Amino acid sequence: MSMEAIVISVFTATLTTVPAILIYRRIPKKLKVEKYQAKWKELQAFCKDKDTWKEAVIAADALLEDALKRRKFKGSRMGERLVSAKPRLTNNDSAWYAHNLYKKLAGDPEYKLKEDEVKKALLGFRQALRDIGALPGEQQKK
């Protein structure tokens, strides 16, 4: 093979490989439902005691954020990712309620949670996790 043929072959291979890699990296990853189910069960243990409700909300927010990142929803912060996930969420308001409760807890360590707030937030987190495919259940069509 001549040197020109080798250069052309390398150039052609580069032109096809680099875009393919870039496209592949942007494709949302399939989530490991078993992993998210196990973590969800762990955080449900926090619900048994009123003193650990805060940890349940914090853990649920972190779990949803991780799932949104792995599904490649755009945004550098959780709020931005929730905005980009809006078309996939069956109850966007409940997801936002849950995340806003988390922000309240993060901003005010003395905040006293009420049982109905925790229940509503955890239901919102759970539905959002189901909607994006992290937990089993009714999911929106892709």
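## Order of elements

From the N terminus on, the chain runs α-α-α-α-α-α, with six helices and zero strands in the chain. Helices (H or I, at least four residues) and strands (E, at least two) are DSSP runs, numbered from the N terminus. This is a predicted model, where local features need pLDDT of at least 70, side-chain atom pairs count only at pLDDT 80 or more, and totals for chains, interfaces and linings use all residues. Residues are numbered from 1 along each chain as its sequence is written, and side-chain values use heavy atoms, with hydrogens and water left out.

## The chain as a whole

Of the 142 residues, 30% count as buried, meaning under 20% relative accessible area with a 1.4 Å probe, protein chains only. Contacts (heavy atoms within 4.5 Å) tell you about the fold too: among those with a separation of 6 or more, 57% come from residues 24 or more positions apart.

## How H5 meets H6

Let's look at one helix pair. Helix H5 (residues 92-107) packs against helix H6 (residues 115-131) at an angle of about 125°, and their axes are 8 Å apart. Axes here are lines fitted to C-alpha atoms over the stretch in contact, and angles run from 0 to 180 degrees between N-to-C directions. H5 and H6 are therefore oblique to each other; angles under 35 degrees count as roughly parallel, over 145 as roughly antiparallel, 65 to 115 as roughly perpendicular and the rest as oblique.

On the H5 side, the contact is made by Ser94, Ala95, Tyr97, Ala98, His99 and Leu101, and on the H6 side by Glu117, Lys120, Ala121, Gly124, Phe125 and Ala128.

Methods
Buried means under 20% relative accessible area, exposed over 50%, partly exposed in between (1.4 Å probe, protein chains only).
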